[in-house]
Amino acid sequence: MCMKLGKNRKSGGLALCREIKPFTGVLLGLSAPAAVLLLWYTAGERGWINQAILPGLSKTIRVAGNLITDGTLWSNLAASISRVIKGFAVGAVLGVVIGTFMGLSKVFHSILQTLVGLLRPIPMVAWIPLFILWIGIDDGFKVTLIALGTFWSVLLNTIHGIRSVDPKLLEVSTALEKDRLTVIGKIILPSALPAILTGVRIGMGTAWSCVVAAEMIAASKGIGYMIMFAREMAQPAKLMVGVFTIGVIGLLIDTLILKLQKKLIRW
């Protein structure tokens with residue numbers, strides 16, 4: 001949507017932006033990554049960079065092809081995705097449920113507000129030693145870390161969404177004598193859905209950060225493990241493949257969530 005201010009020659013308003021066609025939008029979105037790749041390729045081919053530290057694009061692509069062909073990339077990616085799905089599902093569900101209760105109930109919010117304010121600023125990396133001590137180094141601790149990282153963003157956005165419902169809608173529901181369950185199901189939750197889905201998007205990004213951090217410290221398989229192993233073996237091209245794999249998968253998941261968001265909140 002575009003805002004208009006003042007006057008212009010056609011519609012009497014000064015357009016601050018203009019609509020972009022879908023194809024043009026795709027081209028514009030690809031322009032910056034293409035420019036970075038071109039610069040990276042040129043720097044590698046002309047020797048502007050030390051390839052022992054930052055490999056050229058051509059070498060990175062060759063290594064990526066080898067990792068795909070021999071199945072190394074797929075096996076590590078599958079392990080990371082499995083952990084992310086499990087931890088994200090647990091964290092998102094708990095975030096929505098507890099956030100809904102905190103948003104609807106002032107008493108419940110008062111009880112948990114101090115605890116949330118105390119625990120939320122603690123970095124996820126700080127929990128890793130404790131989780132290893134309590135749970136061990138198997139997938140349980142990784143899933144728990146991912147769930148905790150996802151939980152905070154979903155929780156806070158759910159609370160914000162519920163508390164930001166238009167008061168006029170609540171006044172109308174009161175005037176029509178709607179029961180509480182109807183108000184929650186028909187007014188509050190649909191109004192809060194955009195904020196909840198924003199929390200889900202942020203939570204997914206946090207989930208990937210958590211799984212990579214956990215796999216770098218205690219894992220025998222996963223993208224984080226592959227990145228750490230490549231660093232220890234002085235294989236920068238393999239390391240770059242792991243880093244870009246996280247970016248590509250994150251972009252695909254975020255795109256899917258955006259499409260889901262547009263369908264769920266068509267209004």
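A pocket, as the word is used here, is found on a 1 Å grid over the protein atoms alone, and is an open set of points where a 1.4 Å probe fits, with protein on both sides within 12 Å along at least five of seven lines; its lining residues have an atom within 4 Å of a point. The structure is a predicted model, in which local features need pLDDT of at least 70 and side-chain atom pairs count only at pLDDT 80 or more, whereas totals for chains, interfaces and linings use all residues. Residues are numbered from 1 along each chain as its sequence is written, and side-chain values use heavy atoms, with hydrogens and water left out.

**Exercise 1. Describe the largest pocket and its lining.**

Solution. Begin with the volume, meaning the space filled by probe spheres set on grid points that are joined across faces, edges and corners; for the largest pocket this is about 400 Å³. Next, look at the lining, which has 16 residues, with Leu-37, Val-241, Phe-244, Thr-245 and Val-248 lying nearest the centre. Then ask which elements supply two or more of these residues: they are helix H1 (22-45), helix H2 (57-69), helix H3 (72-104) and helix H10 (236-264), where helices are DSSP runs (H or I, at least four residues) numbered from the N terminus. The most is given by H10, with six residues. Finally, sort the lining by class, counting Ala, Val, Leu, Ile, Met, Phe, Trp, Tyr, Cys and Pro as nonpolar, Asp, Glu, Lys and Arg as charged, and the others, Gly among them, as polar; the result is 14 nonpolar, two polar and no charged residues.

**Exercise 2. Describe the second largest pocket, and then follow Val-183, one of its lining residues.**

Solution. The second largest pocket holds about 250 Å³ of space, and among the residues that line it are Lys-106, Arg-163, Leu-170, Val-183 and Ile-188. At least two lining residues come from each of H3, H6, helix H7 (167-175) and helix H8 (180-217), and the largest share, three residues, belongs to H8. By class, this lining has seven nonpolar, two polar and three charged residues. Turning to Val-183, we find this residue in helix H8, and it counts as buried because its relative accessibility is 12%, given that buried means under 20% relative accessible area (1.4 Å probe, protein chains only). Leaving aside neighbours within four places in sequence, Val-183 is in contact (heavy atoms within 4.5 Å) with Leu-170, Ser-173, Lys-178 and Ile-188.

**Exercise 3. Work out which residues bring helix H4 and helix H6 into contact.**

Solution. The axes of H4 (residues 106-119) and H6 (residues 139-163) come within 13 Å and cross at roughly 145°; such axes are lines fitted to C-alpha atoms over the stretch in contact, with angles running from 0 to 180 degrees between N-to-C directions. On the H4 side the contact is made by Lys-106, His-109, Val-116 and Leu-119, and on the H6 side by Trp-152, Leu-155, Leu-156, Ile-159 and Arg-163. These residues divide into six nonpolar, one polar and two charged.

Terms used
Buried means under 20% relative accessible area, exposed over 50%, partly exposed in between (1.4 Å probe, protein chains only).
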